[in-house]
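This report examines selected local features of one protein model. The sequence and the structure are shown below.

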Amino acid sequence: MKFTEIEHPSHPQHTLKLVAVQEPYSCYGCRQIGFSLGERSCYECKQCNFHLHEECAKPELSAFHPFFKTCEFKFIENVQGERRCDACGKDVQGFVYQCTCSHTDAHDLHPCCMKLEPTLNGDGVELYLRKKVSSSRLKCLKCKSKNVAKNFEGWSYESNCGQYCYHVACVMDLILKNWKKGQTSDTGLQIMVPNMEDAVKQSRRSKNGKKVNKYLTKAILVLKLIISAIFGDPIGIAVVCVEQLLSS
Ligand SMILES: [Zn+2]
Ligand SMILES: [Zn+2]
Ligand SMILES: [Zn+2]
Ligand SMILES: [Zn+2]
Ligand SMILES: [Zn+2]
């Protein structure tokens, strides 16, 4: 059951309302950027401009993740020392799930990263969440690397056909960068599938045009699925638009 209004100890002075906020906000809990393109909602106190991810407002006290089968994660509000999230590689600055095992380097996961779906499905495409890029031939199509940062792999989604792969962190960055640009144009938020210019040119020129077009269309779909998984289902707000390049 969803509570549309809650009281939360991090903001005792007012009740918080469950809303969809379409501008990036900083979550008071995990200090990460939150952003809802669609139905993904957060708890807000409008008066104070206070926001909490749903995941941060109502954490599980203890959790498990299939990537760390033997680890039990506990929800912690204030983590000690410098930590980074195993999934996205960004700093841990507030609420986090941390594993409580005795091994030397504990795992940390932002509440939203903890909740990333292991499998995404849509229009015949299946994507799998991976702890690291699984095949030696595959790279993230955004940063063109296997690692999201130096010596750090970072989680990614890979397609069942083995052609598409994007780091979770790279898609987060892509959206935020495009949101800033979208603010200055009247066409709204448009997300370009990165690094597809060559494929677009090729499709105009070559006999393989159809095949390349198919590749591009699928790249759009893959990106849309990942965006939905991170930010909520985009209803007409985000357009992934190599389509525009294709038709121009
Ligand atoms: Zn949060
Ligand atoms: Zn308030
Ligand atoms: Zn552990
Ligand atoms: Zn994270
Ligand atoms: Zn990447």
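Is Y164 buried or exposed? In this predicted model, Y164 has a relative accessibility of 0% and therefore counts as buried.

**Aromatic contacts**

The structure holds 7 aromatic pairs. In one of them, Y164 and Y215 are stacked, with 5.1 Å from centre to centre and 25° between the planes. The pair links distant parts of the chain, 51 residues apart: Y164 belongs to the loop between β13 (156-159) and β14 (165-167), whereas Y215 belongs to helix α5 (residues 209-231). Y215 has a relative accessibility of 24% and so counts as partly exposed, because buried residues must lie under 20%. Elsewhere, ring pairs join F67, F68, F73 and W155 into a cluster. A contact of another kind involves R31, whose charged end sits over the ring of Y28 at 4.7 Å from the ring centre.

**Zinc sites**

| Ion | Donors | Distances |
|---|---|---|
| zinc ion (ligand 4) | C85 (SG), C88 (SG), H110 (ND1), C113 (SG) | 2.2 to 2.3 Å |
| zinc ion (ligand 5) | C140 (SG), C143 (SG), H167 (ND1), C170 (SG) | 2.1 to 2.3 Å |

Around the zinc ion (ligand 4), the 4 donor atoms subtend angles of 96 to 122°, so the arrangement is tetrahedral. Along the chain, these donors follow the spacing C-x2-C-x21-H-x2-C. Because C88 lies in the loop between β8 (68-76) and β9 (96-99) and C113 in helix α2 (residues 111-114), this pair ties together parts that are 25 residues apart in sequence. Both C88 and C113 are buried.

The zinc ion (ligand 5) also has a tetrahedral arrangement, because its 4 donor atoms subtend angles of 98 to 118°. The spacing of its donors along the chain is C-x2-C-x23-H-x2-C.

**The β5–β6 hairpin**

Strand β5 (residues 42-45) runs antiparallel to β6, and 4 bridges join the two. Within this pairing, C42 stands opposite H53 in β6. The two strands, β5 and β6, form a hairpin with 4 residues between them, and N49 in the turn has a positive phi of about 55°.

In a regular strand, side chains alternate between the two faces of the sheet. Strand β6 (residues 50-53) is covered on both faces: F50 and L52 are buried on one side, and H51 and H53 are buried on the other.

Definitions and conventions
Residues numbered from 1 in each chain as written. Chains lettered and ligands numbered in written order. Predicted model: local features only at pLDDT ≥ 70, side-chain atom pairs only at ≥ 80, totals over all residues. Heavy atoms only, no water. Phe/Tyr/Trp six-rings, centres within 6.5 Å; stacked < 30°, edge-to-face > 60°. Buried < 20%, exposed > 50% of the residue type's maximum accessible area, 1.4 Å probe, protein only. Lys NZ or Arg CZ within 6 Å of the ring centre and 35° of its normal. Donors = N, O, S within 2.8 Å, 3.2 Å for Na, K, Ca; no water. Tetrahedral: all angles 85-135°; square planar, octahedral: opposite > 155°, others 65-115°. Pairing = 2+ DSSP bridges.
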